[in-house]
Amino acid sequence: MELISALLVQLMQMMLVLWAAPLLTGFVRKVKARLQRRQGPPILQPYRDILRLLKKEVVVANNASWIFRVAPYLIFAATWVAAALVPTFAKGLLFSWSADLIAIIALLASARFFLALAGMDIGTAFGGIGSSREMMIASLAEPAMLLVVFTMALVARSTQLSAVADLLASSGVGLRVSLGLAMVGLIIVAIAENGRIPVDNPATHLELTMVHEAMVLEYSGRHLAMIELAAAVKLLLYVSLIGCIFVPWTLAAPGGSTASHLAGFGAYIAKLALFGFLLAVFETAIAKMRVFRLPDFVGGALMLGLLGTLLLFASRSL
Amino acid sequence: MSVVAFLMLCAAALLGVALLAMAASHARAATALVYGASLAICIVGTALSIAALTGRAGAATRLILPLGVPWIGAHFAIDSLSAFFLAVVNIGGAAASLYGLGYGTHEDEPHRVLPFFPAFLAGMNLVVLADDAFSYLLSWEFMSLASWALVIAHHRDAENRRAGFVYLIMASVGTLALLLAFGLLAGPDGHYDFEAIRLGARAPLTSALVLVLVLIGAGSKAGLVPLHAWLPLAHPAAPSHVSALMSGVMTKVAIYAFIRIVFDLAGALPWWSGALLLAVGSLSAVLGVLQALMQDDTKRLLACSTIENIGIIFIGLGLALAFRADGVAAAAALAMTAALLHVLNHSFFKSLLFFGAGAVLTATGDRNMDRLGGLIHRMPVTSFLFLAGCMAISALPPLNGFVSEWLTFQAVLQSPDLPQWALKVMVPAAGGLLALAAALAGAAFVKTFGITFLGRPRSTEAANAKEVDRFSLSAMTLLALLCLIAGIVPGFIMDAVAPITRNLAGAALPLQSKLPWLTIVPSFESGSSYNGLLIFLFIAFSSLLAVWAIHRFASHAIRRAPAWDCGFPDPSPATQYSGSGFAQPIRRVFLTRTPATREQLSMPAPGDMRAARFTLTIADPLWDWLYQPFVSAVEIAALQLNKLQFLTIRRYLSLVFLSLVSLLLVLAIWS
């Protein structure tokens, strides 16, 4: 019985991620539009986009290889599996022990690996520029993320996300300098990894400023739908991750009552709305950076992560 | 007969094959015969060493042959450490032999390769089996010389001759350092038997000196920064299956030498020896991968990435040494397991990648990726297997590279409780550099695969490439499967190396293979766990689910059309990104304002019809700072000594007299 309910929570969580991801994207777009005094598309527009893309035929370039056709599914699968391992509204996911935070980062790295390869498959200049810049940004963002994870792992003495969330939810931790540094670092990494302003512009079609959009330029139809959905899931994943680590009190305990799960669910939606709103405000307030100023921005996260880790090596209580 | 005797017979059989090949290398069937025989012997060797590692071989593990120095004899022995490395050597050797069955037929001068290939394998086996300093050094030198002969197999190319020369010098320096290290270990009484060395007591200073000498001797062979400069020259110069052996296996023999001497023979070492290893290891990891990213020659890129992986292994070993010195046995076992796992994993995927590069070389005759491209259409199987190797080396789950890097990270996270402040600062820095190296490795292999196999062909050779033979493909398939298996069920390998860590680090990880679902849990206190099998199943399940749902409910119409490219597709393949173009952003971030890169741009004035020129030179600054002064010093000394060649007999006699007197004087004062 316990197994069935745990399995149920895990499955619900996986479906919830899929369902909520386009909603978050739509919400961020709507808030941004309102902040810019535009009407903006309806919040549900991303669903409509994805459904319409699914119905369209796929146009594949003549010299595309199997990588080009397989990559969307692999990117989606790796991102979805990673997202399924991050607690959204309830702790104690059934399979949470099968991968820790380092593995979640590596799963996202797998998705990026295939996206970069897909960008180079057709052999166009735009695909190359996107892949090359994406790998440059990742070469800074990924170690930054790992160092942020080290900081949290040193506090919790485990890289297991559920253990980190448990410990931070307990009263024993309190405010810590190292965790503050880790939070800022994680937010910078989240912005960089999701290609938000100031790192990349998700709404751009001005070729020379594109990173993510340049890699997926050749995609259409259902392939593009998978990639768009994966991108939305990735954004949701990072928001859930920040919420689960730094606001862990609302997560429902494993085996808790239905009411506690419902409360956790409500709180999760509230968290998504809050972070989405903050992201939209941040993106509206800041300008896109030139590509070669990015290393300073993302490198900042790397330094913050290193500083947090160093502090904890100096003393476990910092 | 004991398992050592059988393994010695294997080595002897390999030497016999080498002699046979020398006699009959011009025969038509020689290639098939030599590689077939090596394959068979290596398979037997693999089986024997795995049996020894898992404790299924008998108890008698020593063998003393009446060879070598008269009153010492030649000692050979096998313990869990040598059994593990014998498995690495023989699996790599078997794969290379299988590959050679196909690849070797394209060799223009087979008599320059065939005799040395089995001799090289025999040398590596003997190094790992040797149990006294004399036979150890003899086998080591034999291995070096056999590999040197293979490096200059294609000696008509001036670049290969230079590589061979540099390699020979570095190998001699390395052996000299090892000789001195054994001299120090043997002590004034001269115990050359490993058993006696282990028992001997020595001053801490001697142990420290031994560590530094071994770091030079074994480190130069493994390719540690700053003794790495020969590696990107020599490894790619050899035929590809030999490159795979040198990069994937011979560097591991050097690691074996390091572990054997430093962890086993030298006795207790102070904590700073771990710090030294950490510094050298993390520098190698980052500099190696940056150097790899800047290469456009696939084989040279792979050789540079070997430096990175050796760095990762040394980070693990350094942590193990530091933990052991501070008496944290469980963490030392974790760090050592991580290092040993990476030894095995790197030997799998590096051999696989060199085989792939060799296949591309066979099919197109070119190693420069800027003249390749689009090979995925012409060589579908090779490209798929090469992709598996790229994923494994980029540490992507569920393949094996991720497991060993994950374990290394776990070991890093165990270290805040180390008492020394220097380590408290160095370990997180090393962890950060390791993370950086892992991310850059991903970029390097996206570049390798993307430029070589994807896109449009950049030359007619690439456009007309043909898939390679079945032997090469089956060797690559074997290694790709091993990468997958080692990635999804690493628990069995971790259990297999447990006796090694129990001997050398003082503890072993908890038994892994009994855990539910074959999860790996390095320590129960932290509770961090990883399950490659489940991750593999999850990814397979969710991608299949997505494919099924889409093809069931959505459109499956597909149309082929010209590439979109924002409306301006250019038919010239030169408009694609090149290898150096791909690495340019990373070069600009990490290498600007360093002496490593020099960019020169000559832009014609407006109205001038001259073409613009851009030249990029990437040098290894260590070459100028470290090697060049040394080389100049040697040259000056040689010139000065040259004068001694033209003396009269009287002067020679007086020189002999003077040196005799001074030597006797030294002896008199000494004693």
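**Figure 1. B:Ala11 in helix α1 of chain B.** In this predicted model, B:Ala11 lies in helix α1 (residues 3–24) of chain B; helices (H or I, at least four residues) and strands (E, at least two) are DSSP runs, numbered from the N terminus. B:Ala11 counts as buried because 22 C-beta neighbours lie inside 10 Å. A residue is buried if 20 or more other C-beta atoms lie within 10 Å of its own, exposed if 12 or fewer, and partly exposed in between, with C-beta atoms placed from the backbone. Leaving aside residues up to four places away in sequence, B:Ala11 touches B:Ala122, B:Asn125 and B:Leu126; two residues are in contact if their C-beta atoms, placed from the backbone, lie within 7 Å. B:Ala11 and B:Asn125 are 114 residues apart along the chain, yet their C-alpha atoms are separated by 6.5 Å. Local features need pLDDT of at least 70 and side-chain atom pairs count only at pLDDT 80 or more, while totals for chains, interfaces and linings use all residues of this predicted model. Residues are numbered from 1 along each chain as its sequence is written, and chains are lettered from A and ligands numbered from 1 in the order in which they are written.

**Figure 2. Helix α4 of chain B.** Helix α4 of chain B covers residues 116–129. Of its 14 residues, 14 are buried, so α4(B) is largely enclosed by the rest of the structure. The end C-alpha atoms of α4(B) are 20 Å apart, which agrees with the 20 Å that its 14 residues should span at 1.5 Å a residue; the expected span is 1.5 Å times one less than the number of residues.

**Figure 3. Strands β4 and β5 of chain B.** Strand β4 (residues 597–602) of chain B lies largely in the open, because the number buried among its six residues is zero. β4(B) runs antiparallel to strand β5 (residues 613–618) of chain B, and six bridges join them; two strands pair if DSSP finds at least two bridges between them. Within this pairing, B:Glu599 stands opposite B:Leu616 in β5(B).

**Figure 4. The contact between chains A and B.** Chain A contributes 75 residues to the contact and chain B contributes 71 residues. On the side of chain A that touches chain B, the elements that each supply at least two residues include α2 (45–55), β1 (58–61), α3 (66–84) and α4 (101–121) of chain A. The element of chain A that gives the most to this side is α5(A), with 17 residues. The residues of the side of chain A that touches chain B comprise 47 nonpolar, 16 polar and 12 charged; Ala, Val, Leu, Ile, Met, Phe, Trp, Tyr, Cys and Pro count as nonpolar, Asp, Glu, Lys and Arg as charged, and the others, Gly among them, as polar.

**Figure 5. A strand pair between the chains.** β1(A) pairs with strand β3 (residues 558–561) of chain B in the parallel sense, over four bridges. A:Val58 stands opposite B:Ile558 in β3(B).

Figure 6. Most residues other than glycine have a negative phi, and most peptide bonds are trans. The peptide bond from A:Ile197 to A:Pro198 is cis, with omega near 10°, and A:Pro198 is found in the loop between α7 (177–193) and α8 (212–215) of chain A. In chain B, B:Pro397 and B:Pro398 are joined by a cis peptide bond with omega of about 5°; B:Pro398 is placed in the loop between α15 (380–393) and α16 (400–413) of chain B. A:Arg157, which is not a glycine, has a positive phi of about 60° and lies in the loop between α5 and α6 (161–169) of chain A. A:Arg157 is partly exposed, with 18 other C-beta atoms within 10 Å. B:Asp565, also not a glycine, has a positive phi of about 50° and is found in the loop between β3 and α23 (579–591) of chain B. B:Asp565 is partly exposed, with 19 other C-beta atoms within 10 Å.
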